[in-house]
Every structure is written in structure tokens, then in C-alpha cells.
Protein chains: 2
Amino acid sequence: MLSFTEENYLKALLQITFDSGNDNVGTNELASALDVKPATASDMLKKLKEKSLVDYKKYGKITLTSLGKTTAIDVIRRHRLWETFLFEKLEFSWDEVHDIAEQLEHIHSQKLIDKLDKFLDFPEFDPHGDPIPNEKGELKVQSKKTLADITTGNSCKMVAVKDNSSSFLKYVVEVGLGINNVITVLSRQEFDAITIIEVNGIKTSVSKRFTENIYVI
Amino acid sequence: MLSFTEENYLKALLQITFDSGNDNVGTNELASALDVKPATASDMLKKLKEKSLVDYKKYGKITLTSLGKTTAIDVIRRHRLWETFLFEKLEFSWDEVHDIAEQLEHIHSQKLIDKLDKFLDFPEFDPHGDPIPNEKGELKVQSKKTLADITTGNSCKMVAVKDNSSSFLKYVVEVGLGINNVITVLSRQEFDAITIIEVNGIKTSVSKRFTENIYVI
DNA sequence: TAATAAAGTTAGATTAGTCTAACAAATTAA
DNA sequence: TTAATTTGTTAGACTAATCTAACTTTATTA
């Protein structure tokens with residue numbers, strides 16, 4: 001049985017490769033994702049290697065073993081199912097579900113997750129638009145295209161957010177954006193890296209960083 | 001923010017006084033309830049005293065402070081609400097809910113519990129018949145009378161179980177008993193401490209210990 | 001390619017929660 | 001009321017997860 005901490009390291013490793021496409025994850029990057037010091041991550045990697053959850057050698061790159069990946073996907077499945085439960089059944093808002101799910105994802109009971117999945121009618125996406133792995137660990141492929149990739153004058157549909165932090169999500173809501181909204185890119189000011197978009201007839205300016213955190217199709 | 005462990009000590013202290021009516025809880029009793037050694041409990045008591053959660057002095061009796069009691073009641077509220085959720089919404093059986101709720105009860109979010117309470121329509125009793133404290137910490141008084149108190153020839157209604165362990169609950173189901181069932185005490189054999197009961201027309205022999213763990217009215 | 005910077009590791013310390021073994025206090029019984 | 005038993009505490013050690021500070025390796029750049 002893995003500890004909360006071990007599960008978090010595995011999840012972070014998978015998340016980093018998912019989000020950044022970067023399969024050359026380093027100690028610093030991992031440590032900063034988990035908000036610990038590199039020394040701490042370095043220690044933990046030894047332990048995870050010992051348990052055959054990661055492959056790595058000193059100063060080399062870190063990769064999940066197949067066992068590690070399966071486990072990480074399971075943690076993500078738990079996280080996203082709980083988020084969906086909180087949002088759909090308990091009527092939490094979009095930006096509140098992540099932090100509570102961070103705790104709930106570590107409850108150990110396969111049966112609990114299977115029954116929760118059924119209760120929610122086997123959802124394929126969580127409230128942030130992220131795909132939920134099924135009981136076999138399979139998930140729908142997610143668009144890698146962000147609002148930053150849409151050229152001036154074109155429209156797209158928002159399907160998910162990259163950053164799941166409460167602060168970002170609150171901002172997204174403030175801007176009037178949500179999953180499935182149609183967004184039109186009106187113009188870009190290269191000088192200050194601002195994009196002017198239109199959503200439901202309302203025009204807003206957003207930063208480059210903002211556009212890179214909105215997944216679209 | 002209290003740790004899981006601290007919460008478990010407080011809950012155990014309250015549970016012991018509740019269940020046994022014994023307000024003179026000792027280190028050994030507490031330790032055995034938590035499945036740790038007395039030395040460990042002794043150490044933890046210092047810490048809980050430091051945090052003003054228990055009153056106690058060396059070799060003296062242990063009592064919860066008002067803060068400690070409030071916290072313990074809150075842990076019990078969380079536990080019983082989660083049990084109710086598992087039983088009513090996820091269709092877990094009676095004997096499966098306790099162990100999972102032991103984990104869920106430590107999720108920290110007041111809003112989560114309030115919303116869960118509402119989602120379940122403010123239940124007053126959990127699947128084992130135990131009262132669920134409301135958001136103010138108030139709970140329905142529970143019968144202290146057990147099946148052992150019913151005299152030969154008389155009938156009663158089962159309202160709760162004292163022992164919540166999966167093994168006991170499985171046995172209760174096997175015997176054909178459940179909450180709200182009417183039980184008639186047919187006879188008692190003082191020699192081997194056996195009671196013969198009738199439930200739904202079926203006669204069974206149960207031990208003294210069994211009858212002491214069934215609350216009735 | 002040599003110097004500098006960045007990234008990663010090791011050593012030693014800390015905290016929470018646990019243990020065993022030895023000891024001390026309180027209670028029970030002879 | 002003394003001896004035996006039970007109950008409770010202390011001391012010292014261990015593990016997991018973390019830290020800081022010092023050091024090593026790898027990468028970058030002048």
C-alpha cells in the first residue's frame with residue numbers, strides 16, 4: 001500500500017509529462033511541482049526506484065515504470081471522479097473541487113471508486129474538461145491545442161483548462177469563459193502579448209499566459 | 001489543523017465514554033481502542049494536553065476538554081455522514097461502510113460536510129442506527145438498552161448495533177437481524193449463557209456477548 | 001575548452017508517531 | 001499493611017518525510 005506522499009510523487013511525474021510533453025523530467029521540476037526541495041525529491045526517488053515505480057539512475061532522467069504509470073493513472077482517475085462528484089452531486093463550483101479532490105484521491109478502496117464511477121454514470125471528462133481514465137486506465141485523448149494557437153479572426157471551442165488552480169479558474173469565470181464556450185480571436189497585440197477575444201458577444205483582453213492555459217478544438 | 005492520528009485519539013476517547021458510560025478512561029483502554037501500545041498513548045496524551053484538547057495529569061484520569069469534545073463530535077459527524085452516503089447512494093452493504101468511512105472522516109473541509117449533509121437530506125441516524133450529530137453538534141439520544149436487558153417472553157425492536165466491526169455486522173446479517181426488526185426473547189440458558197430469540201418467525205441461539213451488542217427499544 | 005552556472009546528490013538534523021524495555025505509581029488481595 | 005498485580009510513564013531507538021548546507025556532476029557559455 002503506497003503512502004499519500006508516494007502517490008503524489010507518481011501523479012506529479014505523470015502530470016508533468018502529460019502537461020508539458022516533456023519526457024525528460026528532472027529532480028528540480030518534480031520538486032517544484034510538489035512544493036518540496038530538490039533534496040527531498042532526490043531521496044524519494046531512491047525509494048520509488050526501490051519499489052520499482054520509477055526508472056532512474058543518478059543524474060539521469062526520471063521515468064515511470066509500467067507499474068508506476070498504472071498507479072499514477074489510478075490516482076488521477078480517483079481525483080477526477082471525486083471532482084466530478086463534488087461538482088455534479090454536491091454543487092461545488094468549478095474552482096473549489098480541485099483542493100478537496102487532492103485529499104479524496106488518496107482514499108484506498110477499489111470498490112469505492114468503481115461504485116462512485118457507476119453512481120456518476122461513468123463520466124468521460126471531469127468539470128475542467130480533463131479526461132477520466134476508465135477502470136482499465138484508458139482515457140479519451142485530449143486536445144493539445146490552446147487558445148494561443150488560434151490565429152486572428154478564427155473561432156474555436158473551449159474544451160478544458162490546463163492550470164487547475166483555484167486562482168486561475170476564478171479568473172476564467174470572471175472573464176465569462178466556461179467549457180464548451182465558443183471563443184473568437186479578434187486581434188493580437190504583439191507588443192504587450194495581449195489577445196482580444198470575444199465570448200458570448202463580450203470582448204475581453206487576456207494575456208499570452210492565459211491563452212496558453214485554455215485548451216480548445 | 002489536527003492530524004489524522006490526533007483526530008483518532010479524540011474520537012476514541014469520546015467513543016469509549018459513549019459506549020461504556022465509563023468516564024474514567026485510562027491509558028491502557030485508550031491504547032487498546034486505537035491498537036497502539038500504552039506508551040504511545042501516554043506520549044500522545046501529553047501532546048493533546050499541550051493543545052488543550054484533553055485534561056489529564058500523570059496517573060490521573062483522562063477527559064476531553066470542551067474543545068476536544070467538539071472536535072471529536074465533528075469527527076463522528078463526518079464518519080457517520082460518509083457511512084450514510086456509502087450505504088444509501090453507493091449501495092455498499094451494512095458491514096462494508098465502516099472501514100471506508102474511517103478514511104473519509106479525516107478529509108478536512110467544513111463545506112464538504114455541510115454539502116454532503118444536505119445531499120443526504122440531513123439524516124439523523126447512520127446505517128448502524130447510530131445518531132449523526134447535526135452542524136451544531138447536537139444528536140438524538142440513543143437507547144442504552146440492549147437485547148441482554150430484555151426478559152424472557154418479551155419482545156423489542158432493534159435500533160442499532162454497538163460493535164461496528166465488519167465481522168460482527170456480517171454475523172448479525174447471517175442471523176437474519178437488521179435495524180427495526182422485532183426480536184422476541186424465547187428463553188435463556190443460564191448454564192452456557194445462550195439466549196434463544198425469534199426474528200421474522202426464525203429461531204436462533206445467540207451468545208451473551210452478542211445480545212450485549214444489539215441496542216433495542 | 002576552461003570557467004561559470006545550473007542541476008542533482010549526500011550528510012546530518014528535525015518532527016510525528018510508533019516501538020520495547022525498564023521503571024514508578026496505584027490498586028487489589030493476602 | 002505489606003506484597004503482588006495492574007496500570008501508567010520514561011528513556012532510548014526506529015521510520016517516513018522533510019529541511020539546510022555542503023558537495024558533485026552535467027550543461028552552458030564566453
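**Cores, helix packing and chain contact**

Beyond its neighbours within four places in sequence, L86(A) is in contact with F92(A), V97(A), I100(A) and A101(A); contact means that C-beta atoms, placed from the backbone, lie within 7 Å. This is a predicted model, in which local features need pLDDT of at least 70, side-chain atom pairs count only at pLDDT 80 or more, and totals for chains, interfaces and linings use all residues. Residues are numbered from 1 along each chain as its sequence is written, while chains are lettered from A and ligands numbered from 1 in the order in which they are written.

**Nonpolar cores**
- The largest nonpolar core has 26 residues, and L86(A) and L86(B) touch the most other members.
- Such a core is a set of buried Ala, Val, Leu, Ile, Met, Phe, Trp, Tyr and Cys residues joined through C-beta atoms within 7 Å, where buried means 20 or more other C-beta atoms within 10 Å of the residue's own.
- A second, separate core of 18 residues includes L13(A), M44(A), L53(A) and V75(A).

**Helix packing in chain B**
- Helix 1 (residues 4–20) and helix 4 of chain B pack at about 95°, with axes 8 Å apart; axes are lines fitted to C-alpha atoms over the stretch in contact, and angles run from 0 to 180 degrees between N-to-C directions.
- The angle therefore makes helix 1 of chain B roughly perpendicular to helix 4 of chain B (65 to 115 degrees).
- Helices are DSSP runs (H or I) of at least four residues, numbered from the N terminus.

**Contact between the chains**
- Chain A and chain B each give 14 residues to the contact.
- Helix 6 of chain A supplies the largest share of chain A's side, four residues.

How values were computed:
Buried ≥ 20, exposed ≤ 12 C-beta atoms within 10 Å, placed from the backbone. Contact = placed C-beta atoms within 7 Å. Helix = DSSP H or I, 4+ residues; strand = E, 2+ residues; numbered from the N terminus. Parallel < 35°, antiparallel > 145°, perpendicular 65-115°, else oblique.
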